[in-house]
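Please look through the sequence and the model shown below before reading on.

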Amino acid sequence: MNTARHDYLLRFGDNALILSQRLAEWCGKGPALEEDMALTNTALDLLGQARLWLSLAAEQAGDGADEDTLAYLRDDRAFRNVLLVEQPNGSYASTLARQFLFDAWSSLALRRLLVSSDAAIAAIAEKAVKEVGYHLRRSSDLMVRLGDGTERSHALLQAALDQVWPYHHELFTGDAVDTEMTAAGIGFDPASLRDDWLAYVREVLAEATLSLPKDSGWRPKGGKQGLHSEHLSKLLAEMQVLPRSHPGARW
Amino acid sequence: MSAAAAPPSLDQVWTWLAEVPDPEIPVISITDLGIVRDARYDGAQLVVTVTPTYSGCPATEVIAEQIRAALAAHGIADARMETRLSPAWTTDWLSDEGRRKLHDYGIAPPVGRAAANEHAVDLSRLRRMAAAPVVACPRCGSTRTEVLSPSGSTPCKSLYRCTACREPFDYFKCH
């Protein structure tokens, strides 16, 4: 089995799955009904995308695993999502800042995968890129509304952005898996997305009257290799409790 | 003993598929929606290929079950569902009949063509997407409408309000 490809699929699947789970935590608690629906709609799209990626990973493994066992029966160290998406929701501003940085990256990443030499991967990207386009429009609009909103909303969002900012570096940091996938024409070099990403983020932040956070030099990473923060373990405990406590449970 | 009856023609199969309603918006059929991409025989087995609307749309699995049930009701027991992701479903595939039925039901059909959206053509640069389109009220026809919520009751819809007749309505997003 091409373990690099398998890992690669898990990375995209786990990013979508974990962010979906985080957003679903807002269900029924959104600051307005419209936002409650937007967050859960986004969560639903991401969950659908996670299913596609994880099913493909399971199919490749061919060891009896499926999308459900991958989501519900893996331990934290086996997850390959970036640290950014497992960060706690915090305030609404924190959730938004995290989403905005991720959506912009995801839009660019999926565009690259549209031309992947791996037809199954390109097909998932083709499906997902349209949905992520909506997510990015929404998160960009909200950044502008709250950034260029009241004094209080501006201050809250700037603080949230500053806090989540260091986690974006991992999105653009490649490793041996990325190198192998890029060489095979399946994937892309993560660093090559940075300029386009930064250009877009700058444009939206300028419109939102927000400042680009300063680089503190702290660049947390490791999620792509399975080294996570404690936040992921707690998220998994909640997400996995039912299938782990009641194996084979059905509706 | 007589030979087995010939299997139903594909034209006949398509007319049966055209009677399967969309589970979320029952006034239109799954063929109006444009998600049934192919029907063919693989030996004696009928293979129906469906392209999902949104990755996470919960209706997708219901639709597969409904197709199976509809075919079984017409005597086709041996049928297989296949999912095709590429080309991705687009509202450009909604039939004219489907658009008319949506409108008459009170759902504004998609405005414009999805193929014209920037994300379909620009592979590298991200640009701010244009604001929501001007949508005519399906009840009174006024274009004095506003977005209440970009996300609606299902992944494929947004919620609008007509400021002329004061009625809220669903808009089927251009996708």
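## Terms and the model

Two strands are said to pair if DSSP finds at least two bridges between them, and the strands themselves (E, at least two residues), like the helices (H or I, at least four residues), are DSSP runs numbered from the N terminus. The model is predicted, so that local features need a pLDDT of at least 70 and side-chain atom pairs count only at pLDDT 80 or more, while totals for chains, interfaces and linings use all residues. Residues are numbered from 1 along each chain as its sequence is written, and chains are lettered from A and ligands numbered from 1 in the order in which they are written.

The predictor gives the complex an ipTM of 0.87 and a pTM of 0.93.

An open sheet of mixed pairing is formed by four strands of chain B in the order S4-S7-S6-S5, and its edges are strand S4 (107-108) and strand S5 (145-149) of chain B, each of which pairs on one side only. S5(B) runs antiparallel to strand S6 (residues 157-162) of chain B, with four bridges joining the two, and in this pair Glu146(B) stands opposite Arg161(B).

Strand S1 (residues 36-42) and strand S2 (residues 45-50) of chain B are also antiparallel, joined by six bridges, and here Val36(B) stands opposite Val50(B). Two residues lie between the strands of this hairpin, in which Gly43(B) takes a positive phi near 65 degrees.

## The two domains of chain B

The domain assignment of chain B (bounds of this kind come from an automatic or database assignment) gives domain 1 (10-83) and domain 2 (96-172). Taken over C-alpha atoms, the centres of domain 1 and domain 2 of chain B are separated by 26 Å. Ten residues of domain 1 of chain B are in contact (C-beta atoms, placed from the backbone, within 7 Å) with nine residues of domain 2 of chain B. By class, this side of domain 1 of chain B has six nonpolar, two polar and two charged residues, where Ala, Val, Leu, Ile, Met, Phe, Trp, Tyr, Cys and Pro count as nonpolar, Asp, Glu, Lys and Arg as charged, and the others, Gly among them, as polar.

## Single residues in the loops

Ile25(B) lies in the loop between helix H1 (10-17) and helix H2 (30-33) of chain B. A residue is called buried if 20 or more other C-beta atoms, placed from the backbone, lie within 10 Å of its own, exposed if 12 or fewer do, and partly exposed in between; Ile25(B) counts as buried because it has 21 C-beta neighbours inside 10 Å. Although Ile25(B) and Ile107(B) are 82 residues apart in sequence, they are 9.4 Å apart in space, C-alpha to C-alpha.

Arg166(B), in the loop between S6 and strand S7 (168-172) of chain B, has a phi near 70 degrees, a positive value in a residue other than glycine. Arg166(B) is exposed, because 10 other C-beta atoms lie within 10 Å. In the loop between strand S3 (79-83) and helix H4 (96-105) of chain B lies Pro87(B), which a cis peptide bond, with omega about 0 degrees, joins to Ser86(B).

## Chain A and its contact with chain B

The contact between the chains takes 30 residues from chain A and 20 residues from chain B. On the side of chain A that touches chain B, two or more residues each come from helix H2 (33-61), helix H5 (92-113), helix H6 (119-147) and helix H9 (194-207) of chain A, and the largest share, 13 residues, is that of H6(A). By class, this side of chain A has 14 nonpolar, six polar and ten charged residues.

Which residues of helix H8 (residues 176-183) of chain A are buried? They are Val177(A), Asp178(A) and Met181(A), and because they cover an arc of only 95 degrees around the axis (the arc of the directions from the helix axis to the C-beta atoms), they lie on the same side of H8(A). Ala176(A) and Ala183(A), on the other side of H8(A), are exposed.

Terms used. Contact = placed C-beta atoms within 7 Å.
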